[in-house]
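Student: I am new to this structure and would like to learn how to read its features. Could we go through them one by one?

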Amino acid sequence: MRLQPPPLALYIHIPWCVKKCPYCDFNSHELRSANEYAAYVDALLADLAADLAHFPCVHGRPIVSVFFGGGTPSLLTPDLIARILDGCHERLQFDTAAEVTMETNPGAVEHGRFDAYLRAGVNRISFGVQSFDDDKLVRLGRIHSASEAERAIKEAQDAGISEINLDLMYALPEQTLAGALADIERAIALRPTHLSHYQLTLEPNTAFAAKPPLLPDDDASWDMQEACQTRLTDAGFPQYETSAYAQSAHRCRHNLNYWTFGDYLGIGAGAHGKLSDDAQIIRTAKLKTPKSYLAKAALPERLVTQAPIARGELAFEFMMNALRLVDGVDNALLTQRTGLERSAIASVVARAIADGLLVDDPARLQPTADGRRLLNELLIRFLPDERPRSARIAVEVNP
């Protein structure tokens, strides 16, 4: 069966931060010299040109969304962001309603520049606030205060950027339920259109993993998630994905493309991609360190991964994304994006329905409330027999 080309997005990785946070396991590196920025922009555009020459399956397909992730993309000045976007427009066709998001650290923005980012082509800002409690921000290693975050958000809105995401964490060191709800209240008061709400976890090879702080236990963390979810829903931000809440018509289109198993080009140090042609789906990844990437961004060596997803892995890869959505997906999407029919996973689906993890609906694949709470347990069922059942389940997420 020939696959139907799904929507195509573009992910652009900016690998530098002012300071590495102790919980962060992303591909980010502490800033040493801003002199590398202009060279990095050249490398990004060379990387994109090389991808377009190497992957003809993307030709003629419009870009539905762009996401500048990091790191801290707002370390780049508006003129550099404009140069990247102008170069992308020269090489790619853009949908007329393309969403262009830039992640922003409230402590790494020269306030007053948001109008310039808007003129450069950015139409959505995602603020890495994490908390409105100054003590918690210090514990998390953040370089901004709660008042600085509030001021930056208001200045972005005043500059005319209407699509605003606030990125918050819960189950922070020694956090109480009241403290988690207080963060939600301060976020709601700022009138964003979207909220991302993540549980703090201890990831391998981070400072927190080496020296763990005292975190709330599982029961307390679950109480925080439920209470915050209820408050956000009551305030007009219903949950639509595992960690995402949005006002009506303001869901993150870039992430929705991930969850519905769309395609995306990934450029930049360590950036990942997923591309479909008529017969296969390919995962890609680029050189990880800025130094090696800058040296080889235009060369074949920039691609450290270029591997098709095995047919036996497709159901798991699809479900790992689609089942994060509260409403799940139609069966038709499984077939359109993977070539698989629901009959190929019928026995696994039947057992999951019987165990109360999937909704009993012959037309949809949708997790129940228990399925969302026990998502890893549900997803592991779709792993092929040769894959370890203890596999860590993670996907690239951008708020």
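Student: Where is Ala-249 found?

Tutor: Ala-249 is found in the loop between strand 10 (244–246) and helix 9 (253–259). Helices (H or I, at least four residues) and strands (E, at least two) are DSSP runs, numbered from the N terminus. This is a predicted model, in which local features need pLDDT of at least 70 and side-chain atom pairs count only at pLDDT 80 or more, while totals for chains, interfaces and linings use all residues. Residues are numbered from 1 along each chain as its sequence is written, and side-chain values use heavy atoms, with hydrogens and water left out.

Student: Is Ala-249 buried or exposed?

Tutor: Buried means under 20% relative accessible area, exposed over 50%, and partly exposed in between (1.4 Å probe, protein chains only). Ala-249 has 76% relative accessibility, so it counts as exposed. Its phi is near 70°, a positive value in a residue other than glycine.

Student: Which phi does Glu-174 have?

Tutor: Glu-174 has a positive phi of about 60°, although it is not a glycine. Glu-174 sits in the loop between strand 7 (163–170) and helix 6 (177–189).

Student: Which residues does a cis peptide bond join?

Tutor: The cis bond joins Gly-70 and Gly-71, with omega about 20°. Gly-71 lies in the loop between strand 4 (63–70) and helix 2 (78–91).

Student: How many residues has the largest nonpolar core?

Tutor: In soluble globular proteins, nonpolar side chains tend to be buried together. A nonpolar core is a set of buried Ala, Val, Leu, Ile, Met, Phe, Trp, Tyr and Cys residues joined through side-chain atoms within 4.5 Å. Here the largest one has 71 residues, and those with the most contacts inside it are Ile-12, Phe-68, Phe-127 and Leu-166. Helix 1 (residues 36–54) gives the most to this core, with 8 residues. A second, separate core of 36 residues includes Tyr-11, Ile-309, Leu-333 and Ile-345.

Student: What does Phe-127 touch?

Tutor: Contact means heavy atoms within 4.5 Å. Leaving aside residues up to four places away in sequence, Phe-127 touches residues including Phe-114, Ile-153, Ile-164 and Leu-166.

Student: How many disulfides does the structure hold?

Tutor: A disulfide is a covalent bond between the sulfur atoms of two cysteines. The criterion is a pair of cysteine sulfur atoms within 2.5 Å, and the structure holds 0 disulfides. Cys-17 is in none, with the nearest cysteine sulfur, that of Cys-24, 6.3 Å away.
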